[in-house]
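This report describes parts of a structure, one topic at a time. Please look through the sequence and the model before reading on.

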Amino acid sequence: MLALIPLLPFAGFLVNAFVGKRLPKSISGGLATGVMAISFVIAVMQVLALAGMPPENRQINQTLFTWITAGDFSLDLALRLDALSAVMILVITGIGSLIHLYSTSYMHDETDPEFARYFSYLNLFCFFMLMLVLGSNVLVMFVGWEGVGLCSYLLIGYYYEKPSASDAAKKAFVVNRVGDFAFILGALLLLVTFNSLDFYTIALAVKAMPQEVTFGTLSLITLLLFIGATGKSAQIPLYVWLPDAMEGPTPVSALIHAATMVTAGVYMIGRNAMLFEHAPITLTIVAIIGAATALFAGTIGLVQNDIKRVLAYSTVSQLGYMFLAMGVGAYGAGIFHLYTHAFFKACLFLGSGAVIHALHGEQDIRNMGGLKKHIPITYWTFVIASVAIAGVPFLSGFFSKDEILFETFVEGHQVLWVMGVLTSLLTATYMFRLVHLTFHGEERFAGATGATGATSATGAASAHGHAHAAPAAHVAPVAHVAPVAHAGHGVHLHDAPWPMATALIVLALGSILAGYVGVPHALGGHNNFGAWLTPVFNATNCGQTTTTGALAGIAIEECTPVEERDPEEHAGLELGLMIVSSLIALAGIGLATYLWLKHKEIPARMAAQYPGVHRLLLNKYYVDEVYDATIIQPIKVVSTEGLWRGFDVKVIDGAVNGAGYLVSGVSIVLRLLQNGSVKTYAASMFVGTVAILAYYLWR
Amino acid sequence: MPIGHYLVLSGLLFAIGTAGVFLRRNLITLLLSVEIMLNAVNLAFVAFGRVAGTNDGQIITFFVMTVAAAEAAVGLALVIGLFRHRESLNPEAFTSLKW
């Protein structure tokens, strides 16, 4: 039953990949969406079955077959559903189904084969993602980990005729390789250290070990795994691929680059919580990287002009939050934010897709504005999701973000807390900058018919849009004919058609309500979400004796839960911090309204006053350029001059050609012996015979 | 007569034949020299056969003579062919079979 959850999308992939070319769009799209929906239903049933079990052994295991047997080592292809993977499969299949539904409408202008190709990739992605979260050992997880990377590559490069898209795909793939390499090393070290790859076995084994105060094996393993996570989850220093990944179709950005794949790193840390808990050095690094990424990406998001890139940096920033939570040991809070983030960020991406769809491929927010009354469904869902991500009280983002900030503060990381709060301010500001520039204010899109009038609006658009050196305005991903702006005539903008609208509305509702499963104690709730997850992070069975080989019989004394705090202890402090961050969120929204709606000249003046800072942010701190200069160019030089012109040409080719020259050189001498003269041959025979005879006579 | 005498004569004949092969510049003389070498060997065979008291030496001599006759026939035919080709019997004229 459990295996059906990933296998259904896989079946959908097979059908669409092999016969999709001949299927009409309604069937290939319907099939892909249908399998996801069925998968979601099965997932819900399984999770309900799981919830019916007693908390300390909530697990559903299914072994498909023995995968590897070598000596005394054996590894099963096994799936395990526990409280943590339950959250993940619900997010993946639930939000995945909605995004599939949305895509049937969004991708409708593609031809039949392209449409089927798109859905086959999307289904394959869901299969791998589900394997990643359901795998009961590191290797199954790794299969999923690599598989989602592959699908991400295929989908970023979906419009492969476009050079920028195929470049972005390659960039994502190569950057991920760096992280994956570290991940493999970490997995191998795990195998060597624990002689097992099963998460549960490892967790129990680690539990019996003391915390590693100095840098040792556990720290190395966790650090390597974390480097893997920085690649997949776009953290410093490997985040550079995610903004470029926006070249893919927008629903892909929503599914892969916001809701699911990029959270794999966070999930992986949660899955190995016991391991990370015993390596405090790594945890500190995780927290610092997370907080730094959150703040860093937030500042870049503040000045970007491409609607999807703003959201991409926002995703990087929110992922930083999740890692901050993981790093301070608040695993439940991190997964909680992962879960709420999936709703509002998917909603934001799908909303931006609806905007782009309505504007026939326009992505530059300087050429938007005033869309509120044209596309009301998109507008309202987008605003709800923005409010949720900003952390305004009583929406989902508020609960999860506050829990992270609270845990950070209580764990004694005040500096990181300040960084988190600043990020919170930035988040609210850049999100509402996006909302205002896109939906409010005067209409600047081509063919606008608003109060400002078509001519002046297009004039404003060109003045606005092309005054700066704009970061390449992206080519329309949806192959529409560019709308022609007839003076006096307006273009009628279509709001999202029903499949898109359904997805948007459901996700907007999710953005409001998803947080209520984890209402904190300070607000009279019981943090059910945290309680649900805690047994997983504590590897449950606290106080019991382990039965695994080497550790059999050792009673596990240390049994302090990962999150051991008395829920009532800091209620007052939590409430206080909550008020602070709510005020900050509102301040951010107010600031954005003041700057980009009421006094639009101020941002421009600030940009003019501090051109250096503005340029630095607009060019993303020149990180791509720095990487190019410090890593890519040296590698290129070493490759061309050293490996190609040096080693390959001189050594490899030299050896091969040298052998040839040697043979022909020796031959030039030797062939003089064959002079065609019978007498010489006879003489050599004679001498040879005499020599042989002489040898036998005198030996 | 002791066997040594026969062997000395045989050795002398063989040396004469060998010298002929190396020193003469006429293909027909070369063939003649080869015949002398073969007969030197025949003489040694017969002498050894007599010492051993068997007929083996004489039998093998008949074989050698037969082969020598065949060789002479083929060799002369080749020599005639070569002469028609080059108007020469000097073996040094026929060195085109080389690199």
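## A hairpin in chain A

In this predicted model, strand β1 (residues 60-70) of chain A pairs with strand β2 (residues 73-81) of chain A; the two strands are antiparallel and joined by nine bridges. One of the residues in these bridges is A:Ile60, whose partner in β2(A) is A:Leu81.

Two residues lie between the strands of the hairpin formed by β1(A) and β2(A), and A:Gly71 has a positive phi near 65 degrees there. As a general point, side chains in a regular strand alternate between the two faces of the sheet.

## Helices and overall form of chain B

Chain B contains three helices and zero strands. Along the sequence, the pattern of chain B reads α-α-α.

The radius of gyration of chain B is 17 Å, whereas a compact globule of 99 residues would have a value near 13 Å. Taken along the principal axes, a box of roughly 50 × 25 × 25 Å holds the C-alpha atoms of chain B.

## Burial and contacts within chain B

Chain B has 99 residues, and 11% of them count as buried. Consider the contacts in chain B between residues at least 6 apart in sequence: 47% of these contacts join residues at least 24 apart.

## Where the chains meet

How many residues of chain B are in contact with chain A? Ten residues of chain B are, and they touch ten residues of chain A. On the chain B side of this contact, five residues are nonpolar, three are polar and two are charged.

Technical notes. Residues numbered from 1 in each chain as written. Chains lettered and ligands numbered in written order. Predicted model: local features only at pLDDT ≥ 70, side-chain atom pairs only at ≥ 80, totals over all residues. Helix = DSSP H or I, 4+ residues; strand = E, 2+ residues; numbered from the N terminus. Rg over C-alpha atoms; globule rule 2.2 N^0.38 Å. Buried ≥ 20, exposed ≤ 12 C-beta atoms within 10 Å, placed from the backbone. Contact = placed C-beta atoms within 7 Å. Nonpolar A, V, L, I, M, F, W, Y, C, P; charged D, E, K, R; others polar. Pairing = 2+ DSSP bridges.
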